[in-house]
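Hello,

Please find the structure below. My notes on it follow.

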Amino acid sequence: MVGITRIATYFPRRRLDRALIAKAWGGRAAGTRTVAGFDEDALTMASDAVRACLESTDPAGFDALHFASTSAPYAEKQVASVIATAADLPRQARVADFGGSVRAGLAALSAALDAVGAGSARAALVAAADARLAEPESELETVLGDGAAAVAVGREGVVAELVSAASVSEEFTCLWRTDQQRYVQVSEPRFGATYGYARDVAEAVTAALRKAEVPPGRVTRLALGAPDARAAAEAAKRAGCDPARQLEASLVAEAGILGSGEPLALLSRSLETASPGDFLVVAAWGEGADALVFRATERLPAARPRPLADRLAHGLALPSYERYLRARGVLPAEPMGEPVTAMIEWKELKQDVRLYGSRCEACGLVQYPQARVCLGCRAQDRMADHKLAKRGQVFTFTIDNLAPVAEHPMPMAVVDVDGGGRLYLQVTDAADGEVKVGAPVELTFRRLHEAAGNRNYFWKARPALASS
Amino acid sequence: MKDQVAVIGVGCTKFGDRFERGFEDLICDAAFAAYEDAGIEAADIQAAYLGTYLPGPGGGKAAVSLADALRLYDRPITRVENYCATGTDAFRNGCLAIAAGVHDVVLVVGAEKLKDRGGRGIPRLGHPLLARGNTAPGLFALAANRYMHTFGLGRETLAKVAVKNHKNGAQNPKAHLQMEVTEEQVLKAPIIAWPFGLLDCCPTTDGAAAAIICRADLAKRFKKPAVLVKGAGLAVATGRPYFDPTFDYLGFRSTQAAARQAYAMAGITARDVDFAEVHDCFTWTEISNVEDLGFCAKGEGGRLVEDGRTALGGDIPVNPSGGLKSFGHPIGASGVRMIYECVVQLRGEAGSRQVKDAELGLAHNVGGPGAVSCVVVLGRS
């Protein structure tokens, strides 16, 4: 049996009340959108989703990782490799980046299912994330949202078994961004939704259900990535389903249109309540459509994904539209700093990205950064690699207004890591009063700064909130 | 080394935003004042030590910047850099050279030109990823917050250090910030790095100070009464205290070790010290340092300032000069400036800031934070 073994979502903590966009430009808008912070992008959100998906699972068990995004922070330089390294996957893992359209997320999942099905991978991770930028004052700016989803695919512990797949592919111009453009462009939206989206998605879903020999009425949930909620309902109807009963609830109101991760996030929501034996359909679009049919297994009730409502809890409201523009880099913010050179990065990869410290074999003290002589007992060259946990407690902290970073004040904390080791980290995504002595934190892989025309990523701490 | 080295002349520039003065100008001003004070000429200087922390614009700042400023050529000059203990360590090295019998008369200069750099504060140093985001106030604030959490101190106690040191500095014509501040002003100042507000922090300052030292048995040849070097200690600890899982953040072992060395050399205890110039880059730093120097037990540094014992008329006046807090902190200059203050006090030349009957004075720097400390004890006889 090949299918999904785990699934998780990640949403940035920062939220923008759409009323603030309307206040800036006029008009009316309801709900809230998620906003990637100044230190977040598709790479970091995918990395967060992968960590949430793995939880305490050993990453050594995965030999493939697919990353999908249309807003990857690099046009040239593979992002999947960075995520795989930060997740401490083995060097032998097969990795690939998927892009081109928001169909990339499901394409990456299909490829992972195929790889495991064909036996070329034992278990694979798929991470889809987007922080797409729309032109200020455009309609798209209001509806887009930032977020990520990650799926583990394998043969053991499957919670949703792959039943069938179908695709439609044909040139259709709806959304695009050339290699010269910063903002996502859109043609006439109603035309795109009707003749591009609804037609293609319905066709792919219908074909997949036919292959699976499942009548549309027997589908429990349709998780349809969509340009808007109305288009999703139209596609469901055309595929012979009842939107009111079968269509998975859209994320537009509380998060926005997510991009590559959206179909996977909606599928995660479907798996919150599905019963063993239920048929679930997930579909994505963009110059055609892909649809996959899954059947929930007996293992699902004991291994349900964490609810989206939990993942979306504890949002931090941005105080203004301008803060959003700065967080997304539309307004310049970050001062330049010195880069980590390729040579230092290479030498210190295990320490800085895989986040290993040293454990003294003589006295047992765990220390970071990696060292030759023990801080505790001075033993020479008796060190073993020690992978640091991604959770800990604030030993002490400060809230700094002077540091050259994009957002002030910036908390920094000395963190005692669970299981040993002490780190000194920038704290991100913290509300007032959350950074204090004894506060539990978790680690997140973030964009630290830009320098020498490149981006430097490193670990930060963030408050560990009860339901996150 | 005890009683083998004498300070025979000192000089110090006005500290402050010295935009009109270059780095070499400051060295000249301090050195010429010291020559004058000792009654010597440049030709009498056999060797020199320059304490300066930051490299100059465009690269390294070696001993030549002192040689060129003073046209002091064809003799040994050494640049010393040891974080915020740069100045006291340059002085200590000069003393060692004399105690070793290699030189008779040595010039020590500490100088720093922070205001020509154009940025705010001092530039960030260190690994491009690890500990990125640290600032000088932020690093000391880590210790302050843990200390305050542990001993239940409030920002009010910290503010009392600023009030005291500004009061002293207001009487000091060479100080950078010659104004008194109230506790309320300190508490209401904008936050730089919690718990430090603007007035909890020393300013970034330009300045230079110089000391001329000689073999103690030659000291009588010079015009001013000699001040003797009683002891000196230097201790280096980790420069990455935030990665040390055993560090309690309640004080600095480097200061404790440097003080032990200096007291042992001088044959004294902390109780014998009459006044001290103590590193107060931030208000909390002074509170913790007076404990590490042994003036009171750990956790009681706040009480010391609250009870007025470190004030000018108290039993252990701390920073009669105004300290880094009010006098300013041109990093490499500060230590030598403290030596200058100790000498002025021990000669009884400190005017309204004079500590009564001062026999033994102490100068202390800590940098890093906690990475390196230097303690020098000076005596009248």
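**Where chain A meets chain B**

The contact between the chains takes 33 residues from chain A and 26 residues from chain B. Two residues are in contact if their C-beta atoms, placed from the backbone, lie within 7 Å. On the chain A side, the elements that give two or more residues are β18 (391–400), β19 (410–417), β20 (422–426), β21 (440–451) and β22 (454–463). β18(A) gives the most, with six residues. By class, this side of chain A has 19 nonpolar, nine polar and five charged residues. Ala, Val, Leu, Ile, Met, Phe, Trp, Tyr, Cys and Pro count as nonpolar, Asp, Glu, Lys and Arg as charged, and the others, Gly among them, as polar.

This is a predicted model: local features need pLDDT of at least 70, side-chain atom pairs count only at pLDDT 80 or more, and totals for chains, interfaces and linings use all residues. Residues are numbered from 1 along each chain as its sequence is written, and chains are lettered from A and ligands numbered from 1 in the order in which they are written.

**Chain A as a whole**

Chain A has 13 helices and 22 strands. Helices (H or I, at least four residues) and strands (E, at least two) are DSSP runs, numbered from the N terminus. The radius of gyration of chain A is 22 Å, close to the 23 Å that the globule rule gives for 468 residues, so chain A is as compact as a globular protein of that length. The radius is taken over C-alpha atoms, and the rule is 2.2 Å times the number of residues to the power 0.38. Buried residues make up 53% of the 468 residues in chain A. Buried means that 20 or more other C-beta atoms, placed from the backbone, lie within 10 Å of the residue's own.

**Helix α2 of chain A**

In α2(A) (residues 42–54), 13 of the 13 residues are buried, so this helix is largely enclosed by the rest of the structure. Just after α2(A), Glu55(A) takes a positive phi of about 45°.

**Two domains in chain B**

The domain assignment of chain B gives domain 1 (5–116 + 205–227) and domain 2 (136–201 + 230–379). Such bounds come from an automatic or database assignment. The domain centres, taken over C-alpha atoms, are 23 Å apart. Their contact takes 37 residues from domain 1 of chain B and 35 residues from domain 2 of chain B. On the domain 1 side, the elements giving two or more residues are β1 (5–12), α3 (86–99), β4 (105–113) and β7 (206–215) of chain B. The largest share of that side, eight residues, comes from α3(B).

Best wishes

Note on methods
A residue is buried if 20 or more other C-beta atoms lie within 10 Å of its own, exposed if 12 or fewer, and partly exposed in between; C-beta atoms are placed from the backbone.
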